[in-house]
Structures are given as C-alpha cells and as structure tokens.
Amino acid sequence: MTENAYLIFLLPLLSFVMIVFFLRWKEKIAAGYSIATIVVSWIMSIWVLFETLGRDGETYEAFYKFVEVGNFSLELGILVDPLTAVMLVVVTTVGACVEIYSLGYMHGDPLFSRFFAYLSLFLFSMLGLVLANNFFMIFIFWELVGLTSYLLIGFWFEKKSAADACKKAFITTRIGDLGSLVGLMILITYAGTLNYGELFELVGAGAIPAGVLTIAAIGVFCGAIGKSAQFPLHVWLPDAMEGPTPVSALIHAATMVAAGVYLVARSMSLFVGSAEASIVVAIIGVITSLLAATIAITQVDIKRILAYSTVSQLGYMIMALGLYGYDTAVGHHSPGFYAGTFHLMTHAFFKALLFLAAGSIIHAVHTNDIREMGGLLSKLKITAPTFMIGALSISGIFPLAGFWSKDEIVATTAHHPIFYVLTLVIAFMTAFYMWRLCFMVFFGKPHDEHRYEHAHESPKSMSYSLIVLAVLAVCAGWVGIPWLSKGFAAFVYHGEAYYPHFSFLNAFIATVMALSGIGLAYLMYYKKSISAEKIGAKIRPLYLGSYNKWYFDEIYHIILLNPIMAFARFMWTFDARGIDGAVNGTAWLTMVWSDFKMWIDKWIVDGAVNGSGWVVCQLGNLLRLIQTGKAQSYALFMGTAIVAIGFWKYESTFVEGVWPTMTTIVILCAVLLAVVGRLVPQQVDGPEEDK
Amino acid sequence: MDFPILSSLVFFPIIGMVAVMLLPKNAFGAIRWTAVGFSLPPLVISAWLVFDYFVNFAAMGTMAYMEGPFDWIPSLNVQYLMGADGISVPMLALTGLLSTISLIASFGIKERVKEYFAFFLLLEAGMMGVFCALDFFLFYVFWEIMLVPMYFLIGIWGGPRKEYAAIKFFLYTLFGSIFMLVAILVMYFTSEPHSLNMLTLIDHGPTLSHTLQIVCFSFFFVAFAIKVPVWPFHTWLPVAHVVAPTAVSVILAGVLLKMGTYAMLRVNWPMFPEALRTLGFWIAILGVIGIIYGALVSLAQKDLKKLVAYSSVSHMGYCMLALGAFSSVTAIAGCMFQMVSHGLITGALFLLVGVLYDRAHTREIAAFGGLGSKLPIYTGIMVFFSMAALGLPGMSGFVSEFMIFVGAFGALNKVLVGISIIGVVLGAAYMLRMVQHIFLGEFNLARWGDLTDINARELVTVVPLIILTLVIGIYPKPLANLMNGTLEHLVGLMSR
C-alpha cells in the first residue's frame with residue numbers, strides 16, 4: 001500500500017474535480033462522493049501507518065523530476081516515514097469527521113456542493129504537504145492550503161467581515177512565506193538540493209556554514225510563523241473564524257495551522273545545527289502561547305476563544321520543538337521532538353472536537369456570544385458532554401489525551417526554568433478559560449430565554465462525528481503512555497529514539513495547575529463567589545488590553561497598512577507626475593523647441609528670403625521714379641549719360657588717382673533734376689498716371 | 001526547396017489581410033471569419049513547430065528551419081534570413097495562440113470592421129516576423145511595421161484620449177528604435193565585410209572595444225527596454241492599455257512586451273558579453289525596482305485595467321531581474337517561463353476585464369462588489385487568473401518566479417533578490433484587494449441586477465489559456481526541455 005500512498009492525496013483532488021465539473025448540481029451525490037474519497041484515503045492512511053510500523057519506521061521515497069534546466073532540477077515525490085504516517089492518519093481522520101459533520105451543518109446552504117469541493121481541495125493540499133519529500137513540494141502544497149483556506153474563510157463572501165478575513169489570512173501568511181522562500185533559496189544555493197534526505201545529510205556534514213544555516217533555519221521558520229499563527233503574525237487566525245465552523249475545526253485548528261509545526265518538525269535537522277535558530281523558535285513559541293492565553297481569558301465569542309486557545313497550543317508545540325533543537329544542538333537529550341509532535345496529534349483531535357461541538361452549540365442557539373448562552377447542558381445531551389471531554393483533555397486531566405502530551409511538554413521545559421514556569425502558567429490559564437467557557441455556556445441560568453427555548457440538539461451526522469472525536473480526545477494519548485515499550489516516542493523521533501521517563505512530580509504540578517484553573521473558573525462563573533466584574537474593574541487596563549487583543553490589529557494598521565497604502569498612492573502620483581511627467585515634459589520641451597524653431601523659421605530664415613525680396617521691391621520702386629514715360633526725361637538721361645561718359649573718359653584718362661568728380665556731379669545733377677521733375681506736381685491734361 | 005515554414009507564419013496573415021480588404025465593407029461575418037481563418041494556419045504551424053523542435057532539435061538547441069540567406073539588397077549586403085530556436089519557438093506559438101484568441105475576442109467590434117481586422121492581421125505578421133528574423137534589416141523592418149497597425153488600432157478603436165495614447169505609444173517606441181538603428185549601423189560598419197547577419201555579428205560584438213560595446217549595448221537596451229517596458233520607461237504602457245480595445249491589450253501585454261525581452265536575449269545579451277558584465281547588475285536593479293514599484297502602484301489603482309497594466313510592469317520586472325542574473329541558466333529559463341506565463345495570464349486578465357467592461361461599461365473597482373453570487377463562472381475564472389498572477393503553485397507563474405528567484409539568488413547579490421521577493425506579498429495584496437472589492441462583499445442588486453455571466457464565445461477565448469496555465473504549472477518539464485539546449489548555448493555566449 002505504501003507504494004500507492006500518492007493515491008491518498010490524489011483521491012480528494014479527484015473528488016474536487018468531479019464535483020466542480022460533474023456533480024455540482026447533485027448536492028447529495030457530491031457530498032457523498034467527497035466523503036467516500038476521504039474515507040478511502042483514511043483507510044489507506046491507516047494501512048500505510050501499519051505498514052510503516054511493520055517496517056520499524058523505515059522510510060519509503062518515490063519521486064519524479066518536475067523541471068530540469070542546466071544542472072538545476074526540482075522534483076516532486078512522496079516520502080513515507082513515521083511522522084508522515086501519523087500525520088496522514090490525523091488529517092484523514094479529522095477530515096472524514098468534519099466532512100460527515102458538514103452534511104448536517106451545511107444543510108440547506110445554497111453553495112453546499114461547492115463547500116465539499118473546497119474541503120476536498122483542502123484535503124488534497126494538506127495531504128500533499130504531509131507526503132512531500134522535499135522543500136519545493138512542501139512549499140507548493142503549503143501555498144495551496146493557503147488558497148483553500150482563503151476560499152473557505154471567504155466561503156460566505158457576501159459578509160464583509162468574511163471577505164476582509166480571507167484576504168487578511170492569505171496576505172499575512174504570505175508574509176511568513178517570504179521568509180521560507182528566502183530559506184529555500186539559501187538551502188538550494190548552498191546545498192544544491194531541496195530533497196529532505198540529501199539536504200539533511202549535507203547539513204549534517206557541514207555543507208552550509210553555521211551563520212548561513214541559522215538564517216536559513218529562521219527563514220524556514222518564518223513560514224511556520226505565518227501558517228501556524230505565531231507571534232507576530234498571529235492576527236489572522238481569530239479573524240479566520242468568519243468561515244463556517246467545520247472549516248475552523250479542520251483547517252484553522254486541527255490540520256493546516258499545525259502545518260507550521262509539522263514543517264519545523266520536518267526540518268528539525270536544520271534546527272539542531274543551529275542553537276541560535278532553535279532558541280528563537282522556542283522563544284517565539286512561548287511568547288505566542290502566553291500572549292494568546294492572556295487574550296483568550298476575556299473573549300466572549302466562543303469561536304474566538306477556541307481560536308486563541310489554538311494559537312496558544314500551537315505555541316506550546318513550537319516551543320517544545322525549539323527547545324529540542326536547542327538542547328540537541330548543545331548536546332543534551334530532550335523529549336521536545338516527541339512532545340511537540342505528540343501534542344500536535346492529540347491537539348488535532350481534541351481541538352477539532354471542541355470546534356465541532358462549538359459549531360453544534362452555535363447551530364442550536366444561533367449566536368457566538370457566550371454571554372447569551374447558559375444552562376445548555378440540559379438541552380444539548382450529546383454536544384455538552386463531548387465539549388466538556390474536549391475541555392478536560394485540553395486542560396490536561398488524567399487520563400485524557402491532553403494529559404499525556406502536555407506532560408511531555410512540561411518535561412521538555414524542565415531544564416529551562418523560565419520556560420518551565422511560563423508553561424505551567426499557560427496550563428493554568430488554559431484550564432481557566434476553557435472552563436470559564438464551559439460554565440458560562442452549559443451551566444447556570446439561561447441568559448437569553450428565547451434562544452434557550454429554541455435550542456435543540458443537532459442532527460445525527462453532527463453528533464456521530466462529535467462522539468468519534470470525543471473517543472479520540474480521550475484515547476489518542478494512550479499511544480504515548482511512557483511505560484509502553486513501543487509507544488509513540490519509539491516510533492516518531494528525530495536522531496535517536498527517545499524513551500520518556502514519567503515524572504510524577506511534573507505530572508502532579510501540572511495537574512494541580514490545571515485543577516486550580518478549573519477551580520477558579522468554577523468559583524468565578526458557577527458559584528460566583530468571586531466576582532469577575534470586580535476583578536476586571538480592578539485591573540481595568542489589563543482587562544481592556546486583553547479584551548482588545550493587545551491592540552495588535554490597530555497597531556499594524558497604524559504602523560504598517562496605512563503607511564504602505566499611503567506609500568502606494570504616493571508612488572502612483574509619482575508615476576503620473578514624476579516619471580510620466582518627465583516623459584511628457586520631454587515631449588513638451590520638444591514642442592517648445594519646435595515652436596521656437598518655427599519662430600526662427602518664420603522671422604529669420606523665411607524673413608531673410610522675404611527680406612531680400614522686399615529690398616528688391618524697394619529698389620524697383622526707386623527705379624520706377626525715373627521711369628516716367630516722357631521723351632524729355634529720356635533725352636535728358638541720354639544727354640547726361642553722354643556728357644557723363646565723356647567726362648568720365650576724360651577724367652579716367654588724364655586725371656590719375658582722383659575721384660571722377662565732374663562725372664559724379666553731372667550724374668547727381670541729372671538725378672536731382674529727374675527727382676525734382678518727378679516730385680513737382682505737374683499739370684497734365686490727361687488722367688493721372690498712377691495712384 | 002522545403003516548405004518555407006517560418007515565412008508562412010508571416011505571410012499567411014498578410015494574405016489574410018489582403019483577403020479581408022477585398023471583402024465588402026458590410027460583410028461583417030465574412031470579414032471576421034476570414035480573419036480568424038487566416039490566423040489558424042500560423043497557429044497550427046507554430047504549434048507543430050513546438051512539437052517538432054522538441055523532438056528534433058531541443059537537445060542541441062540549434063537554430064533550425066533556416067530560410068536563406070537570400071540576397072535582398074545585395075549592395076548593402078541585406079539578406080532575407082529567418083530561423084528559429086528554443087527561445088523563438090515558444091514565442092511564435094504564444095503569438096499564434098494569442099492572435100487567434102484576440103481575433104475571436106474582437107467580434108464585438110462594430111465600427112470600421114474591415115480595417116480593424118486587416119490591421120490586426122498585419123500586426124500578427126509583424127510579430128511573427130520579429131521572432132524569426134535573423135537579419136538586422138529584416139528584424140528592424142518587422143519591428144517597425146508593427147507600430148503602424150498598433151497605432152491605428154489604438155488611435156481609432158480606442159477609448160477616451162485615444163489619440164494621446166496612440167501617439168505616445170508610437171513616438172515613445174519610435175524614439176527607442178532610433179537608438180537601435182544607430183547601434184545596428186555601428187555593428188554594420190565595424191564588421192568586415194559589412195554584415196547585418198545577427199548570427200555572424202554575435203561573434204563580431206565581443207571584438208569591439210569596451211566603450212563601443214557599452215555604447216551599442218546601451219543603445220539596443222534603450223530600444224528594447226521601452227518595449228518591455230523596463231522601469232522607468234514604462235509610462236506609455238498603462239496609458240495605451242487603458243484606452244486600447246480588449247483584444248489589442250491582450251496582444252500588447254501578451255506578445256509585444258515579450259518582443260523586448262526576446263530581443264535582449266537574441267541580440268543584446270549574447271552580442272556584448274563584456275558590456276553585460278559591467279551593466280548586468282544595474283539591469284537587475286532596474287528589474288527589482290520594477291517589481292516593487294509596479295506592485296505598489298497597482299495597489300493604489302482604482303481602474304481595473306490600469307491595475308492589470310501596472311501588474312505587467314511588476315511581472316516584467318521579474319524578467320529583468322532574471323536577465324540581470326545572466327550567468328545562471330535557471331534564471332534565464334525562469335525569464336522565458338515568465339514571458340510565456342505572463343503572456344497567458346495577463347492576456348487572460350485583459351480578456352476578462354474586457355468581458356466585464358462590455359457589460360458594465362465601467363472599470364472602476366469601487367463600483368462593483370459581490371459579483372461572486374451573480375456571475376459565478378466569471379468569478380471563478382477571474383479568481384483563478386488572479387491566483388495565477390500572484391504566483392500560486394500549480395500554475396505557470398509560480399514555476400517562473402521560483403526559477404527566477406533561485407537562479408538570481410545564486411548569481412546575484414542575495415539582499416537584492418531578497419528585496420525582490422517582497423513583490424510576492426505585494427502581488428497577493430493588489431490581486432486579492434481587487435478580488436475582494438469586485439467579487440466579494442455585498443451585491444448591488446439595483447445597479448448590477450442585469451449583468452450576465454460570461455458567454456460561450458468569451459469562454460472559448462479563455463479556456464485554452466486556463467489549460468495552458470495549468471499544464472505549464474503542473475508539468476513544466478517539456479517546456480523546460482524545449483528551451484534548455486538553446487539557453488545553455490546562449491548563457492555560454494553571454495558568459496564569454
């Protein structure tokens with residue numbers, strides 16, 4: 001079966017294509033087809049898991065060349081190792097539950113078929129991401145899950161909030177992807193390959209200088225920051241709750257957001273090579289976890305509480321993995337890798353359960369606001385108990401799944417005091433906000449009688465999914481019980497297999513923290529012996545900060561979004577006025593220059609031409625003066641000419657070197673005579689000659 | 001003599017143009033179908049070329065299908081010389097495809113139909129010629145001949161301020177051509193015997209003095225950069241796009257811009273390796289500025305068509321970045337992929353903008369909203385191409401961007417390439433902003449209640465582009481193999 005593992009992710013793609021092109025109009029068949037394919041994928045995943053167990057975790061790899069140019073090539077392929085096998089089962093299990101649940105939840109939606117098409121496309125992308133055998137392919141599917149997340153958050157796109165949220169999610173995660181792209185560039189430039197096996201071997205052999213490796217590892221981690229909603233890119237996940245609740249459960253709680261954690265686990269060989277990168281990972285993880293927990297305790301929207309809880313739990317996993325990388329880099333043993341991946345699995349089940357149950361609650365009361373709920377325990381006979389199982393599991397109560405995995409996370413921090421204390425504080429807060437939610441929703445008096453009256457248990461398809469997941473939320477952790485010789489830790493590991501030692505002290509402290517969190521919630525929201533309002537009023541700035549998510553959105557708007565948009569508008573103006581202005585200005589200058597030349601042409605060049613004509617004309621006018629048409633005048637000229645020539649002949653022959661004075665005088669006299677004769681008005685009998 | 005394959009690519013449209021001109025003025029149907037009919041042989045032939053070149057020549061990357069040299073103007077040693085290799089064949093196929101698609105998309109033209117289709121076929125002939133001419137004189141003739149129909153297509157059938165746009169386009173390009181002419185003349189007079197044959201001049205170029213190489217390189221570069229357009233020579237582009245009829249925009253973005261980058265790869269880059277070493281880095285910087293700048297300006301656009309036009313500036317910036325990293329085959333291959341991919345994706349986007357404009361008579365992004373519920377198929381296709389434009393994996397744009405980044409990262413300053421990657425986020429931002437404002441949100445029933453979804457004819461124009469975008473995105477290997485031999489040869493020349 002393992003050699004056919006590519007079918008696991010291609011089947012949902014087939015479902016997507018079939019629904020889009022053929023089954024779109026037959027809602028029931030479309031949904032049925034989609035569910036059938038994911039169930040087949042699920043069966044195959046289980047099969048692959050057992051085969052992998054049977055091979056003792058030996059890896060299987062197959063690939064083909066995607067593109068080859070020069071000596072550069074990229075490949076697509078699948079890699080099945082224990083981590084992959086576990087993730088396959090997790091994704092297909094949650095995927096199948098969510099699809100079956102959606103039958104009831106999305107019933108009557110006009111875009112029912114499309115919803116299943118998108119879910120199938122998501123499962124294709126997510127399974128492809130899990131199966132990838134190299135960084136190039138994981139990046140491809142990484143982006144594709146981003147696309148499906150975009151499509152599904154914006155599923156009800158006519159709601160403005162949904163339209164805003166899907167864009168925000170896509171762009172925010174893409175900012176993280178910038179980092180991972182840079183990371184990949186560095187890796188491929190220095191190592192020449194993106195194949196996990198080859199690359200990690202080269203890294204292990206020291207092919208990449210330490211400083212560069214740190215940058216590459218942090219770059220890759222940036223992708224995880226975006227996808228897994230880690231600080232400072234965590235802002236998109238709560239908004240993503242605008243999508244339908246099954247989507248929140250599948251994509252924004254159990255699988256896609258865990259992809260970041262998966263990526264870090266997958267590329268652990270990079271992090272163990274760089275203690276600096278690892279400690280960055282751990283610090284980001286713990287900051288995120290704490291930050292999200294502090295926000296979750298004051299929220300009133302049931303889905304947002306769960307969203308922040310998701311962010312917080314993902315921070316846990318990231319922190320554990322980071323600490324593993326750090327400890328390994330400095331030569332210590334650490335259960336961090338095991339803790340992170342184990343918690344990834346258990347969290348997927350109990351968080352999917354919590355979301356689906358929340359969806360069922362919302363389905364029943366038609367509101368997200370927990371202040372309008374209350375006393376629903378008696379109304380929702382299946383939803384309420386399953387939700388509380390999930391809440392117990394996430395709080396880490398023995399012997400539920402969350403207990404075992406959280407215990408390992410606490411164990412990971414045991415040698416890092418600051419992390420240890422913070423982890424316990426977060427555990428306390430987690431238990432508190434989850435049970436604050438439970439007490440407000442299920443117990444006490446109904447806050448809104450109308451909603452309470454109309455509340456009803458959800459259809460069977462939804463309840464069944466809840467029950468399956470509730471069972472998993474209880475039992476999934478048992479594969480990691482420390483006394484098992486062939487448990488989770490012996491199967492999924494990095495480097496050498498790690499065999500955990502159960503520490504009663506840690507387990508005891510963690511349990512006390514969880515119970516005290518639940519206890520405080522009980523006192524504040526059930527017994528009401530401690531007034532939440534009074535505490536809120538006492539620490540009002542803190543309360544407001546937490547309630548407003550520490551103003552991250554507002555700050556990003558002021559320091560990032562608005563300046564970028566302003567800059568974009570400025571650039572546009574610059575383009576029109578500056579660059580195009582220069583172009584048009586050049587054209588304008590050319591026009592001015594040609595105008596100037598036209599002026600020169602008209603007044604100087606052509607002026608010279610016309611001017612010479614004008615001079616000739618004037619000369620002609622002058623000459624015209626002697627053109628009188630009178631015989632006497634002509635006789636006079638002739639006589640004068642003869643006399644003048646005579647004088648000139650005489651003077652030029654006999655008087656040397658002297659101006660021909662007499663000749664000049666004669667000519668001048670003749671001209672004078674002629675002019676005078678012309679100017680003196682004449683008495684003529686006939687009509688005037690010219691006017 | 002064998003059948004003159006490449007010449008037929010040029011002459012079928014020209015015969016078609018004559019045929020269209022002989023038809024009666026009002027026989028609209030006959031004119032349209034004649035035009036489409038005459039664009040089909042080039043389409044089929046160019047598609048066959050891709051296949052044939054792949055099978056017979058791709059491994060070596062040799063120049064094939066040579067026609068000539070035939071003496072044309074013997075006293076000047078001007079020859080008729082055509083040939084095609086791994087970088088021209090994909091461009092020829094792209095031209096063939098987009099020409100037919102654009103002709104079909106032009107069926108909505110109602111005035112002066114005959115002239116329109118005649119001009120369009122002349123345009124196709126010119127584009128085909130540019131991609132297979134190997135003699136500078138011939139190349140220059142084809143390069144210039146295209147300006148004429150383009151000028152009229154924008155100037156007659158364009159929107160508001162069409163004269164301004166047409167003249168701007170024409171003069172700007174002509175301005176660049178002068179530099180090219182000077183450079184060609186320098187090459188001609190310095191070669192002995194005087195030659196205009198590009199293939200022999202490629203060996204002549206490196207023998208020039210350093211200064212002369214730089215001058216010639218820069219002159220060619222200005223001519224080609226205006227066509228690409230490389231920042232800061234880009235401002236004619238949005239102006240021309242906004243007024244041009246839909247089909248003309250498709251050709252403009254899909255083919256004309258690629259002529260610039262193609263010419264750089266064919267002429268500039270291999271001919272002056274020394275100049276390239278000096279200036280390559282600065283060209284990459286221009287590319288990166290183009291990427292970021294184009295994306296930012298797109299982000300601020302209010303007009304849908306202008307947004308797509310500026311996104312072209314950004315996308316062609318990737319090509320320039322790749323060309324700056326000339327020592328890497330990967331980057332140059334990425335550049336070729338980007339040229340093909342941008343032709344398909346942006347061509348489709350312009351078609352789709354036209355579809356919406358035909359119905360709504362406005363392109364103002366803010367005027368719409370929530371069209372997703374009213375026009376589901378149109379929305380689906382538009383979102384598809386928006387995703388393709390922002391470089392989503394599985395589509396052609398991703399392959400090209402990834403190859404460019406990888407190639408450039410290895411060959412150029414890493415910080416520079418790191419900055420260029422920001423373009424990926426900005427690309428997502430302006431595309432998704434557009435999608436949100438037009439297709440998501442509340443639907444204005446009163447204003448857009450009678451909009452109809454995309455029709456069959458429009459689908460016919462878009463579907464081939466969808467298929468190719470996906471095929472290249474999912475299985476890019478054949479296209480890479482088609483070009484690989486030629487690119488290795490060219491990169492060898494560039495790195496002399």
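Where in chain A is the place of Pro399(A)? Pro399(A) sits in the loop between helix H16 (383–395) and helix H17 (401–412) of chain A. Helices (H or I, at least four residues) and strands (E, at least two) are DSSP runs, numbered from the N terminus.

## Basis of the model

This is a predicted model, in which local features need pLDDT of at least 70 and side-chain atom pairs count only at pLDDT 80 or more, while totals for chains, interfaces and linings use all residues. Residues are numbered from 1 along each chain as its sequence is written, and chains are lettered from A and ligands numbered from 1 in the order in which they are written.

## Cis peptide bonds

Phe398(A) and Pro399(A) are joined by a cis peptide bond, with omega about 0 degrees. In chain B, the bond from Val228(B) to Pro229(B) is cis, and its omega is near -15 degrees. Pro229(B) lies in the loop between helix H9 (210–227) and helix H10 (236–243) of chain B.

## Positive phi in loops

Most residues other than glycine have a negative phi, and most peptide bonds are trans. Lys528(A) has a positive phi, near 55 degrees. Its place is in the loop between helix H22 (504–527) and helix H23 (532–538) of chain A. Lys528(A) is exposed, because 12 other C-beta atoms lie within 10 Å. The terms are set by counts: a residue is buried if 20 or more other C-beta atoms lie within 10 Å of its own, exposed if 12 or fewer, and partly exposed in between, with C-beta atoms placed from the backbone.

His361(B) has a positive phi near 60 degrees and is found in the loop between H14 and H15 of chain B. With 8 other C-beta atoms within 10 Å, His361(B) is exposed.

## Contact between the chains

The contact takes 37 residues from chain A and 43 residues from chain B. Two residues are in contact if their C-beta atoms, placed from the backbone, lie within 7 Å. On the side of chain B that touches chain A, the elements that give two or more residues are helix H12 (273–299), helix H14 (329–360), helix H15 (371–374), H17, helix H18 (414–439) and helix H21 (477–494) of chain B. H18(B) gives the most to that side, with ten residues. The residues of this side divide into 28 nonpolar, eleven polar and four charged. In this division, Ala, Val, Leu, Ile, Met, Phe, Trp, Tyr, Cys and Pro count as nonpolar, Asp, Glu, Lys and Arg as charged, and the others, Gly among them, as polar.

One helix pair spans the two chains: helix H6 (residues 160–191) of chain A and helix H17 (residues 396–411) of chain B pack at an angle of about 60 degrees, with their axes 9 Å apart. H6(A) is therefore oblique to H17(B). Axes are lines fitted to C-alpha atoms, for helices over the stretch in contact, and angles run from 0 to 180 degrees between N-to-C directions. Angles under 35 degrees count as roughly parallel, over 145 as roughly antiparallel, 65 to 115 as roughly perpendicular and the rest as oblique. In H6(A), Leu181(A), Met185(A), Ile188(A) and Thr189(A) meet Phe405(B), Val406(B), Phe409(B) and Gly410(B) in H17(B). By class, this contact has six nonpolar, two polar and no charged residues.

## Helices H12 and H13 of chain B

H12(B) and H13(B) pack with their axes 7 Å apart, at an angle of about 160 degrees. H12(B) is therefore roughly antiparallel to H13(B). Their contact has 16 nonpolar, nine polar and no charged residues.

Leu321(B) belongs to helix H13 (residues 304–324) of chain B. Leu321(B) is buried, because 32 other C-beta atoms lie within 10 Å. Leaving aside neighbours within four places in sequence, the contacts of Leu321(B) include Ala284(B), Gly287(B), Val288(B) and Ile291(B). The C-alpha atoms of Leu321(B) and Val288(B) are separated by 6.1 Å, although the two are 33 residues apart along the chain.

## Other buried residues

Ala105(B) is found in helix H3 (residues 88–105) of chain B. With 26 C-beta neighbours inside 10 Å, Ala105(B) counts as buried. Not counting residues up to four places away in sequence, Ala105(B) touches Thr246(B), Ala247(B), Val250(B), Leu351(B), Gly354(B) and Thr461(B).
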